[in-house]
Amino acid sequence: MSKRTFKPVKITIKGKTKTVYTVLQAGNALLNDWPEQTPAARAAELLVLDAFNDISDAEHVRRAFIAAAKASHIKFSS
């Protein structure tokens, strides 16, 4: 596994299901698909940037991504 991949997380936004398993995919979902900007979503976005700067790792991004999904009431499974 690359340092920017993690155990898959399936999310469903606006009836569309997407499987996210990389830091890049998480960042794209947060920026382009997220229904609302919550503090949890913002924190996850910042961790995505940190991961690309080698300050954080993919597992931290994954956990923040799941927390953002919970905060936004987005259906997810992991």
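Biologist: Is W34 buried or exposed?

Modeller: This is a predicted model, where local features need pLDDT of at least 70, side-chain atom pairs count only at pLDDT 80 or more, and totals for chains, interfaces and linings use all residues. Residues are numbered from 1 along each chain as its sequence is written, and side-chain values use heavy atoms, leaving out hydrogens and water. Buried means under 20% relative accessible area, exposed over 50%, and partly exposed in between (1.4 Å probe, protein chains only). W34 has a relative accessible area of 10%, so the word for W34 is buried.

Biologist: How are the rings of W34 and F65 arranged?

Modeller: The structure holds one aromatic pair. Rings of Phe, Tyr and Trp (its six-membered ring) pair if their centres lie within 6.5 Å; planes under 30 degrees apart are stacked, over 60 edge-to-face, and the rest tilted. For W34 and F65, the centres are 5.3 Å apart and the planes are at 50 degrees, so the pair is tilted.

Biologist: Which parts of the chain does that pair tie together?

Modeller: Helices (H or I, at least four residues) and strands (E, at least two) are DSSP runs, numbered from the N terminus. F65, buried with a relative accessible area of 1%, lies in helix α3. Since W34 lies elsewhere, the pair ties together helix α3 and the loop between α1 and α2.

Biologist: At what angle do α1 and α2 pack?

Modeller: Two packed helices are described by the angle between their axes and the distance between the axes. Axes are lines fitted to C-alpha atoms, for helices over the stretch in contact, and angles run from 0 to 180 degrees between N-to-C directions. Helix α1 (residues 23-33) and α2 have axes 10 Å apart, and their angle is about 145 degrees.

Biologist: Which residues does F52 touch?

Modeller: F52 sits in helix α2 (residues 39-52) and is partly exposed, with a relative accessible area of 37%. Contact means heavy atoms within 4.5 Å. Not counting residues up to four places away in sequence, F52 touches R4, V23 and L24.

Biologist: What is the phi of K14?

Modeller: K14 is in the loop between β1 (5-13) and β2 (16-22), and K14 is exposed, with a relative accessible area of 76%. K14 is a residue other than glycine, yet its phi is positive, near 55 degrees.

Biologist: And where is H73 found?

Modeller: H73 is not a glycine either, but has a positive phi of about 55 degrees. H73 counts as exposed, at 73% relative accessibility. Its place is the loop between α3 (58-71) and β3 (75-77).
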